[in-house]
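My notes follow in the order I took them.

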Amino acid sequence: MSQIHRWGHLIDGRWSDAGAAGLRTRNPAHPQQSVGEYVAGTAAEAEQALAAARHAQRAWARVPPLERCAVVGRWLDAVQARGDAIAQATVCEQGKPLGEARGELAKSLAEARAMLGLALRGHGEVMPAARNGFRNLVLRRPRGVIIAVSPWNFPIMTPLRKIVPALVYGNAMVLKPSEFTPAAACIAADASRGVLPDGLLQLINGDGALGAALVASPGIDGISFTGSIATGRRIYAAAAGSLAELSLELGGKNAAIVHDTPDVDAALDAISGAAFAVCGQRCTAISRILVHRDLHRQVADGLIARARALRLGDGLLPGVTTGPLIHEAHRGKVAGMVERAVADGAELLTGGCEVRPESAPQGFFYAPTLLDRVDPASEIAREEVFGPVLTIQAFDDLDEALALANGVEHGLTAALFSQQHGVVQRFLDECETGMLHVNHGTVPDNHMPFGGIKHSGVGAFSSVGPSAIHFYTTEHSAYLA
Ligand code: NAD
């Protein structure tokens, strides 16, 4: 660990004094190591940031969209130039291996650049008129001041997915990154100084209490939140005051349905990648295997081998495939869910215990875990684990597979492995998730809408992609006589 990160808040283009640290982050692989010290924001600072954002947004909305995209593009270049620092900070605060951290930044920048192109597509529509001599237009305007609240699992990708569409569509943003992983977002925000107009991007550090104060602020125009369903519900209620537009990207309980496949190994490689990357701490992580009974044994054996081949340890070391869980309480939650699953009758195939890798013996590591024959009504089959835990349930036919896949409150993403046209068609029509992947894992493309249905998402699919415009702009019907 090379450096301690010290940051205050970025308000109106200036960092506040980074003096009294109210928040400290620790390396989850080496909890004895301090990584960052951050000033904890107050309600007064939140108000100050909102006022500066309002002021900056009025001027930014008048900048032509092409120029807005050019300015945001220059900021992305400045972020990329600090790529090494962002990737290192991500490993040290979040714990993921360096390759994953670099991959996260590369994907964030690719998504952001795709967004620059999308923002230059048509911003409205010409509609037929009901009256002679009229011209009817549907116009779009920037929404205004957007609050962004992000989680700890993708410290740079989630903030960029919010900031870039907000700015290119003419909005200003106040970002509160996760209190566990603020460094990457602080470095990216710092890169905006002298590139973006002052006040357009504000960053305030703080925990859930500051997040709650921000989303309850009067006079805000939109809230873009990524995090747990429980917090999403609180934000939904808080937004009732301002009636701000909401974009909530929440948890998942994502299934892979292995119906039939000519290449079980390729399917299992895709599944284990999607299940264990970021140590299972991805909203789109596959966490349930629903397998046709004929393939049950082969799939279970193949997954055991893949789980045991993972190398846990300090993410800065070469060869490490899997980092720790984010903190001790989260490891306790994961372990508790696995223990209760076994008590409920699940069969533990591998894992199910804490691990002390030689490179990081104090870290919050948990063994990649496989649980077979889980009861569909049990907690482990229904609740998000957000850890390296995969459950297996066998089915006899597609009706049963779809009933199992859809029998949860979540609806984020799912994968199907099948060569049968009719099976694929039914999956596309009936699987209750926002994203549907056929014959591969759950990695989304950089330019596609991203989001969930049921309790996994509220509002337009908004992170990136063509539908971001629905959240980041308002709609206006105009009649020209
Ligand atoms: P979390 O809900 O605990 O916290 C997320 C953020 O909300 C943090 O910045 C936190 O400080 C803030 N917060 C907490 N209470 C708040 C309140 N009352 N009002 C406003 N802000 C508040 O989530 P987490 O533990 O950081 O992240 C893990 C969760 O995020 C998982 O459920 C995961 O599935 C979900 N997630 C979803 C997506 C998606 O795109 N659907 C992506 C990544 C993570």
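I sorted the shell around the ligand by class and got 12 nonpolar, 10 polar and six charged residues. For this sorting, Ala, Val, Leu, Ile, Met, Phe, Trp, Tyr, Cys and Pro count as nonpolar, Asp, Glu, Lys and Arg as charged, and the others, Gly among them, as polar.

I noted that the model is predicted, that local features need pLDDT of at least 70 and side-chain atom pairs pLDDT 80 or more, and that totals for chains, interfaces and linings use all residues. Numbering starts from 1 along each chain as its sequence is written, and side-chain values use heavy atoms, with hydrogens and water left out.

**Ligand site**

I found 28 residues around the ligand, the closest being Ser150, Glu179, Ser228, Leu250 and Glu384; a residue is near if one of its heavy atoms lies within 4 Å. I then checked which domains take part: domain 1 (5-250 + 455-480) and domain 2 (254-446) each give at least three residues to the shell. The domain bounds come from an automatic or database domain assignment.

At the level of elements, α7 (208-215), β11 (222-226) and α8 (229-242) each contribute at least two shell residues. Helices (H or I, at least four residues) and strands (E, at least two) are DSSP runs, numbered from the N terminus.

Ligand oxygen atoms lie 2.9 Å from a polar side-chain atom of Lys176 and 2.7 Å from a side-chain N or O atom of Glu179. For Leu250, a polar backbone atom is 2.6 Å from a ligand nitrogen. Of the 850 Å² of accessible area that the ligand has on its own, the protein covers 88% (Shrake-Rupley method, 1.4 Å probe).

**The β1-β5-β4 sheet**

I traced an open sheet of three strands in the order β1-β5-β4, with mixed pairing; two strands pair if DSSP finds at least two bridges between them. β1 and β4 are the edge strands with a single partner each, so one side of each has no neighbour in the sheet. I read an average twist of 30 degrees from one strand to the next, with axes fitted to C-alpha atoms and angles from 0 to 180 degrees between N-to-C directions.

β1 (residues 5-7) runs parallel to β5 (residues 30-38), joined by three bridges, and Trp7 has Tyr38 as its bridge partner. β4 (residues 23-27) runs antiparallel to β5 with five bridges. Here Leu23 stands opposite Tyr38, and Arg24 is bridged to Glu37. I also logged β4 and β5 as a hairpin with two residues between them.

Definitions and conventions. Polar contact = N/O pair within 3.5 Å; in protein donor to acceptor, adjacent residues only side chain to side chain.
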